[in-house]
Amino acid sequence: MKVGKAMIEKLSNKDIRTLKYGAIGAVAIILFVFGSAGHERWTKAKANGAVLRTKLDTINVDKAKQAGLASIVPVFEMPQVEEEQKFLFRDKLSEQFKKAGIKNKPLQIQAGRKSPQAGYKLLLVKCNATCQFVQVLDFLARLNENPYLVGIEELKIKCDPKKQGEVALDLTVSTFAR
Amino acid sequence: MEIWQSIVAIVNDDNEFKGVELRKQGGSFEILWTRSSEESDADWRGFAAECGLSVEPTALEDSDSDRMVVAGFNTAGTIFHRTTVPAVEDKEIESIIELQAETRLPLPPEQIELAWRADQLRDGQMGVTIAVARKEQLQKFVGKVRCFKPAKILLNSEGIVKIWEVFFSGNKDNAVVLSTGSHNTQVCLVEEGRLSNAVVLDIGIEDFSTEVTEEQTETSERFAQDMRSVLDLFGCSNQGELPVFVLSDGSASYVSIVSSLRLAGLNARVATPALNGLMAKSELSDEDIYRYRTPIGLALTVFDAGADELNIFERLYNPMQKVVQRHWLYAPKVTIAIASIMLVLLIVVSYAVDIAGPNSIEKRLDASVSDVDMNLLVKRQQLIKTVARERPDLLDLLKVVNESGERGIKLTSLSFKKGQPVSISGEASSNDQLSRYEKNLQNSKGIEKVNYTANTNAKSKKITFTMTFHYKNFSSKTTRTKS
């Protein structure tokens with residue numbers, strides 16, 4: 001301790017000033033090295049945080065909105081590859097026609113318009129049938145129960161003036177495929 | 001409360017600076033030194049320096065010192081009042097006193113300083129001693145003594161009463177004490193053992209002599225007359241037995257003062273020092289004790305922990321408050337240091353929150369969502385939202401179309417296609433009916449831009465029509481592209 005004190009006493013003001021600047025420079029270098037690494041880590045963490053928050057915002061829908069969504073889309077299955085999806089969708093659709101008592105003509109698959117969801121194709125299924133108007137209503141009421149259905153693209157109902165209650169139905173519905 | 005080993009008291013008494021250092025040891029007191037300065041150009045600063053006190057303005061206060069410095073203020077410019085107040089809280093007493101001071105004193109309140117002290121409660125009333133002085137005079141005094149940073153400034157008359165009580169055998173609760181200087185006499189009224197009034201007369205010991213001359217007789221008579229007036233002022237003129245103590249160093253002059261007072265009918269007596277319990281490094285005579293009576297008395301007042309001093313300088317001089325201000329309000333370095341620490345803390349906390357936040361969210365998600373892939377969940381939710389936007393409620397549309405038409409309107413077809421207006425065809429009985437149908441549709445929720453074309457069948461007189469309208473966002477091409 002005494003030696004150190006004696007050494008400090010020997011230093012001139014200029015020496016002390018130089019030592020001070022040196023110490024400040026050393027601290028600045030250390031701060032820069034660790035600071036830049038820390039800053040990079042911080043920026044990454046902030047970006048990760050923002051992504052996470054966006055994801056959470058997507059999932060975390062309030063109860064009223066969730067109930068609204070559930071009333072429009074009560075069931076939903078994630079889209080499969082095109083061939084499998086075609087099969088599943090057609091199968092379910094045929095079943096729903098059958099349940100409504102509609103004898104439909106063969107279902108035709110068509111290339112769809114531009115998909116509203118990036119990463120998924122939009123497939124259209126067209127069908128024609130002649131049936132009772134009440135059967136159409138029954139079919140439309142149950143259509144939302146199809147877990148592969150995206151939406152109704154086209155619906156034409158035309159009454160047959162000669163046969164009471166009978167209508168010609170042209171329907172085009174869509175589904176997503178990977 | 002700090003316990004001081006010794007007290008240094010400095011006064012300017014009888015045109016002379018006097019200082020003593022008094023130490024308390026057990027139940028006795030020891031005078032460590034006495035000093036005086038009779039030089040005509042002497043001032044507080046110079047005398048304080050002579051007494052070994054630091055007078056440099058930049059000098060740091062010796063907080064570790066075990067001695068306390070007090071200064072004495074001559075009460076010549078101080079007026080005392082006695083009043084009684086009912087038994088109320090201290091705050092209420094203060095406002096009563098301030099009110100009385102405003103009404104009784106000739107000066108406006110902003111030009112005066114006052115201090116008060118309440119006595120014991122008797123018969124529901126409390127006697128209060130009020131000391132009042134001009135603010136300007138006190139400020140000037142503070143300016144003079146500030147250089148040696150006294151811890152307290154006390155009234156000299158308090159010191160006189162205290163030394164009479166301790167070293168002049170002052171064992172009476174009520175008395176008048178005379179402290180005679182060269183050319184003036186301090187008259188103090190003691191009630192319940194405490195100073196309650198004080199007056200300075202301009203006759204001193206130099207005006208009395210032991211020889212009986214005509215001039216001397218005249219001085220004695222004038223003094224006796226002045227004393228009667230003072231007692232009258234004190235409200236004691238009817239108390240013939242009230243003892244009047246003349247502090248004395250034992251010389252004959254004081255005896256003549258007492259004699260003149262006795263001749264005037266006052267119960268006067270001489271009080272000489274009784275030095276029981278007082279020690280000194282060098283031998284001190286009765287004359288020395290008498291000479292330094294005021295500073296010794298002030299030091300004794302400070303040692304008396306229970307003494308409720310009349311601090312007339314309370315609002316003008318508070319050395320303890322100054323120290324606090326210097327630390328917090330006038331220390332930019334401390335403020336900057338605190339601000340820097342807070343800034344560093346803010347950065348550290350923000351950094352920690354930003355780093356730890358996402359990690360903890362992910363951990364909680366992992367824990368709650370378990371095996372399900374978070375991304376799959378997000379995709380599913382996004383798809384459901386898209387599907388909800390793509391699904392028209394055609395049952396609802398059919399219901400609206402049906403309910404808007406009256407009896408007589410017969411629909412034959414309906415055509416819905418995304419990106420195109422909805423089209424319906426049918427027959428109506430009259431134009432009015434058709435017009436009402438259009439209006440009803442127009443007023444329906446989700447339906448707008450209703451148009452129709454109609455033809456009348458010449459044979460059946462029926463009107464065939466085709467009506468188009470926009471249904472929610474499904475008929476607009478632009479909306480579809482956006483969605």
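Residues are numbered from 1 along each chain as its sequence is written, and chains are lettered from A and ligands numbered from 1 in the order in which they are written. In this predicted model, local features need pLDDT of at least 70, side-chain atom pairs count only at pLDDT 80 or more, and totals for chains, interfaces and linings use all residues.

Q: Why is helix α8 of chain B called mostly covered?
A: Ten of the eleven residues of α8(B) (residues 293-303) are buried. Among them are R293(B), P295(B), L298(B) and V302(B).

Q: How do you know that the length of helix α13 of chain B is close to the expected one?
A: The expected span is 1.5 Å times one less than the number of residues. Helix α13(B) (residues 431-443) has 13 residues, and it reaches 18 Å from its first C-alpha to its last, close to the 18 Å expected.

Q: Why are the buried residues of α13(B) said to line one face?
A: L434(B), Y437(B) and L441(B) are buried. Seen down the helix axis, the buried residues of α13(B) fall within an arc of 55°, so they line one face. The arc is that of the directions from the helix axis to the C-beta atoms. An α-helix has 3.6 residues a turn, so residues three or four places apart point the same way. The face turned away from the buried side carries the exposed residues N431(B), D432(B), K439(B) and N443(B).

Q: What makes two residues count as touching, and how many do so between the chains?
A: Two residues are in contact if their C-beta atoms, placed from the backbone, lie within 7 Å. By that rule, 32 residues of chain B are in contact with 32 residues of chain A. On the side of chain B that touches chain A, α11(B) gives the most, with 13 residues.

Q: What makes a set of residues a nonpolar core, and which residues touch the most other members of the largest one?
A: A nonpolar core is a set of buried Ala, Val, Leu, Ile, Met, Phe, Trp, Tyr and Cys residues joined through C-beta atoms within 7 Å. The largest core has 83 residues, and V177(B), F245(B) and V246(B) touch the most other members. Helix α4(B) (residues 156-167) supplies its largest share, six residues. Apart from this core lies another, of 44 residues, including F76(A), V167(A), V173(A) and L397(B).

Q: How do you know that two strands pair, and in what order do the eight strands of the open sheet stand?
A: Two strands pair if DSSP finds at least two bridges between them. The order is β1(A)-β2(A)-β4(A)-β3(A)-β15(B)-β16(B)-β18(B)-β17(B), with antiparallel pairing.

Q: Why do β1(A) and β17(B) stand at the edges?
A: Each has a single partner strand, so one side of each is left without a neighbour in the sheet. β1(A) and β2(A) pair over four bridges, and Q110(A) has L124(A) as its bridge partner.

Q: What makes a second sheet of β5, β7 and β6 of chain B?
A: These three strands form an open sheet in the order β5-β7-β6, with antiparallel pairing. Eight bridges join β5(B) to β7(B), against the cut-off of at least two. In β7(B), M126(B) is the bridge partner of V85(B). Helix α2(B) (residues 90-104) packs on this sheet, and its direction makes about 50° with that of β7(B). Axes here are lines fitted to C-alpha atoms, for helices over the stretch in contact, and angles run from 0 to 180 degrees between N-to-C directions.

Definitions and conventions: A residue is buried if 20 or more other C-beta atoms lie within 10 Å of its own, exposed if 12 or fewer, and partly exposed in between; C-beta atoms are placed from the backbone.
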